[in-house]
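Have the sequence and the 3D view ready. We will walk through this structure step by step.

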Amino acid sequence: MASSCSTNKATECASPSPTETTCPDVAETAGGSKCKDGADDAGPSKDVCESKASVFTSPDEAVSTYGIVEGDCNEFSDDCEDVCEDSDIENSVEEIEQCERMSCIDTKFEENDKLSPTTSISAINSGSWSGKRKLEVQNGFPSKKPFPEEKTAILCLKKETSLNPLEREKTKIPRSIIPSKDNPPLEMTEWIQQFQRWSNAERLLAIDQLIETCEPTQVRHMMQVIEPQFQRDFISLLPKELALYVLSFLEPRDLLRAAQTCRNWRFLAEDNLLWREKCREAGIEEVRDNRRRPRVASLWKAAFMRQHTIEMNWRTKPVRPPKVLKGHDDHVITCLQFSGNRIVSGSDDNTLKVWSATTGKCLRTLVGHTGGVWSSQMSGTIIISGSTDRTLKVWNADSGQCIYTLYGHTSTVRCMHLHGKKVVSGSRDATLRVWNIDSGECLHVLIGHLAAVRCVQYDGRLVVSGAYDYMVKVWNPDREECLHTLQGHTNRVYSLQFDGIHVVSGSLDTSIRVWEVETGACRHTLMGHQSLTSGMELRNNILVSGNADSTVKVWDIVTGQCLQTLSGPNKHQSAVTCLQFNNKFVITSSDDGTVKLWDVRTGDFIHNLVALESGGSGGVVWRLRANETKLVCAVGSRNGTEETKLLVLDFDVDNK
């Protein structure tokens with residue numbers, strides 16, 4: 001059949017019926033390509049077969065017409081033979097593409113005349129070319145080498161069937177459009193549907209295998225998509241009560257940071273009740289409604305923030321330069337009181353002065369004592385003073401008028417303590433007296449000490465006194481009865497603290513003793529100081545003691561342990577004269593002319609609040625009193641190097 005078509009191609013192509021335009025040899029040799037009308041798009045018509053048969057009467061004509069080299073058309077080039085014949089079927093896709101590029105017949109006809117491979121082969125076979133390939137085709141012998149397009153198809157088919165599905169997917173020609181949600185690959189919908197039909201175990205297995213086949217960049221993309229799914233704003237999802245309960249465990253500083261996260265967190269982090277609890281923990285008991293400030297979401301938060309700012313002012317520097325209150329000439333300021341906006345100073349010049357803490361002006365000078373004033377107490381507008389003239393006086397701070405003069409003691413009134421409407425005074429006459437300040441009446445006289453009473457404490461129920469007879473006594477003032485005599489000190493008792501449960505006494509014997517007020521038993525003896533304990537303060541079982549050895553110590557009176565010793569290179573260089581502390585700071589004054597600020601928890605020195613130029617050469621800070629925002633210091637000297645005055649340091653945030 002092939003021979004017949006070769007011998008008389010024009011005749012046989014013209015002889016079939018109108019519906020048959022196939023050259024049989026071409027159809028058979030080309031793997032079944034037919035010249036049928038409407039059957040194959042690439043199949044040529046009868047006229048095309050005849051024209052191509054006549055055109056290719058010689059190789060020269062084919063070369064001149066289509067630019068085909070005889071070596072290219074007769075067989076593949078040597079390189080193509082080596083690649084396509086000797087390489088293994090499992091060669092790379094690049095080698096297959098090389099074979100396709102080197103398929104000369106296919107590409108040349110497509111470029112020049114856009115003819116199908118079948119037509120091209122028919123045209124070549126209709127000519128008088130010589131060569132092994134031509135003879136094999138004409139004689140109907142099986143060819144060792146298929147045509148280029150056949151070999152390419154065979155190689156691609158074998159290559160595709162030998163690859164796994166994922167590798168086969170990689171060999172496909174890239175899509176011309178970038179895939180997206182709106183334009184997914186055609187196979188993706190079926191793949192997703194199959195995944196949805198699987199069980200949970202099958203899905204997990206598929207995901208594991210998918211991850212193993214992914215490249216690092218693809219795994220990273222998975223993480224970026226998956227991780228946000230597990231990031232939930234649980235605070236916003238919780239009911240408000242539970243969310244506030246969770247936030248209540250945060251420190252105030254963390255609450256302020258949380259408020260900057262988002263609007264919902266800010267709303268929760270500014271809850272008024274939440275900040276009220278934080279204020280309670282910080283010791284803030286009342287809210288200050290400052291109308292000069294813009295409205296805030298939480299008044300308790302504003303109160304907390306105000307205190308925080310004030311604390312930072314203490315740690316850095318006062319808001320404004322200190323006010324200087326000059327008075328008492330060159331005399332010693334022996335006692336100092338500070339309450340509200342009033343400062344009261346007593347001096348050995350026989351007078352007391354009332355000052356405004358805001359303006360620094362002297363409001364009143366209380367004159368009436370005939371001896372130096374050595375003790376004082378203040379409550380509201382009432383001032384009580386004790387003098388070397390053996391009397392007590394009750395004053396009205398607003399008018400400066402002396403309301404009562406209390407007679408009874410036979411020596412200097414050295415100490416006193418006010419509680420409510422009663423004041424207890426201790427004297428060098430070794431007695432204590434209880435007075436009613438509203439009536440000026442002496443209610444009780446407590447007799448029992450053998451020497452001068454140096455210090456006294458009164459809580460409204462019991463009186464505790466320390467004296468130069470080395471003893472501490474606990475009294476029931478209503479019955480004028482001594483309940484306990486606390487013996488143990490071996491020298492004069494100079495200082496006392498009493499909280500209703502414990503009595504703490506400081507002595508010239510360098511020891512501090514902690515007693516139980518109900519039983520009179522000594523619980524602890526606190527050793528560590530080297531000299532006289534001149535001043536102490538007790539708050540919530542924490543005791544701070546100042547000593548003439550220039551050190552300050554912080555104690556736990558329940559355990560008897562020394563928590564901190566405020567010393568080191570920045571310690572005082574002389575005796576500590578006065579001290580005061582709160583839950584943040586310890587403030588101490590000294591004969592060296594300085595006032596120092598310490599951290600009560602760590603014992604670290606922060607900085608000097610006051611440092612007199614005459615310090616070390618006679619300048620002394622005798623007394624100090626402080627409240628939340630102000631510090632009042634009584635300074636002077638014993639040799640005239642420093643003028644007697646009061647210094648008022650202001651740390652209030654509102655004065656900026």
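**A pair of residues in a sheet**

Val504 stands opposite Val514 in strand S20. Strands here, like helices, are DSSP runs numbered from the N terminus (a helix is H or I with at least four residues, a strand is E with at least two). This is a predicted model, in which local features need pLDDT of at least 70, side-chain atom pairs count only at pLDDT 80 or more, and totals for chains, interfaces and linings use all residues. Residues are numbered from 1 along each chain as its sequence is written, and side-chain values use heavy atoms, with hydrogens and water left out.

Now widen the view. Five bridges join S19 to S20, and the two run antiparallel. Two strands count as paired if DSSP finds at least two bridges between them. Five bridges also join S18 to S19, again antiparallel. There, Phe498 stands opposite Val503 in S19. Four bridges link S20 (residues 512-516) to S21, another antiparallel pair. In this pair, Arg513 faces Thr525 of S21.

The four strands form an open sheet in the order S18-S19-S20-S21, with antiparallel pairing. S18 (493-498) and S21 (522-526) stand at the edges with a single partner strand each, so one side of each has no neighbour in the sheet. Neighbouring strands of this sheet are turned by 20° against each other on average, direction ignored. The angle is taken between axes, which are lines fitted to C-alpha atoms (for helices over the stretch in contact), with angles from 0 to 180 degrees between N-to-C directions. Strands of a sheet pair through backbone hydrogen bonds, either parallel or antiparallel.

How many residues of S19 are buried? Six of its six residues (502-507) are buried. Buried means under 20% relative accessible area, exposed means over 50%, and partly exposed is in between (1.4 Å probe, protein chains only). In a regular strand the side chains alternate between the two faces of the sheet. In S19, His502, Val504 and Gly506 are buried on one side, and Val503, Ser505 and Ser507 on the other.

Cys522 lies in the edge strand S21. Cys522 is partly exposed, with a relative accessible area of 35%. It touches Arg513, Val514 and Trp515, not counting residues up to four places away in sequence. Contact means heavy atoms within 4.5 Å. Cys522 and Val504 are 18 residues apart in sequence and 9.6 Å apart in space, C-alpha to C-alpha.

**Turns with a positive phi**

Most residues other than glycine have a negative phi, and most peptide bonds are trans. In the hairpin of S18 and S19, with three residues between the strands, Gly500 takes a positive phi near 95°. The hairpin of S19 and S20 has four residues between the strands, and Thr510 there has a positive phi near 75°.

Arg390 is not a glycine, yet has a positive phi of about 75°. It lies in the loop between S7 (382-387) and S8 (392-396). Ser550 has a positive phi near 80°, in the loop between S23 (542-547) and S24 (552-556).

**A buried serine**

Ser347 is found in strand S3 (residues 342-347). Its relative accessible area is 0%, so Ser347 is buried. The side chain of Ser347 reaches the backbone oxygen of Val332 at 2.9 Å. Its contacts beyond four places in sequence include His328, Thr334 and Gly372.

**The core**

In soluble globular proteins, nonpolar side chains tend to be buried together. The largest nonpolar core here has 20 residues, and Trp314, Ile587, Val595, Leu609 and Leu631 have the most contacts inside it. A nonpolar core is a set of buried Ala, Val, Leu, Ile, Met, Phe, Trp, Tyr and Cys residues joined through side-chain atoms within 4.5 Å. Helix H22 (299-316) and strand S27 (585-590) are among the elements that each supply at least two of its residues.

The protein chain averages a pLDDT of 79, and 71% of the residues score at least 70. pLDDT is the predictor's confidence in each residue, from 0 to 100. Over residues 1-59 the pLDDT is below 50. Where pLDDT is low, the predicted coordinates should not be read in detail.

How values were computed. A polar contact is a pair of N or O atoms within 3.5 Å; within protein, one must be able to donate a hydrogen and the other to accept it, and residues adjacent in sequence count only if both atoms are side-chain atoms.
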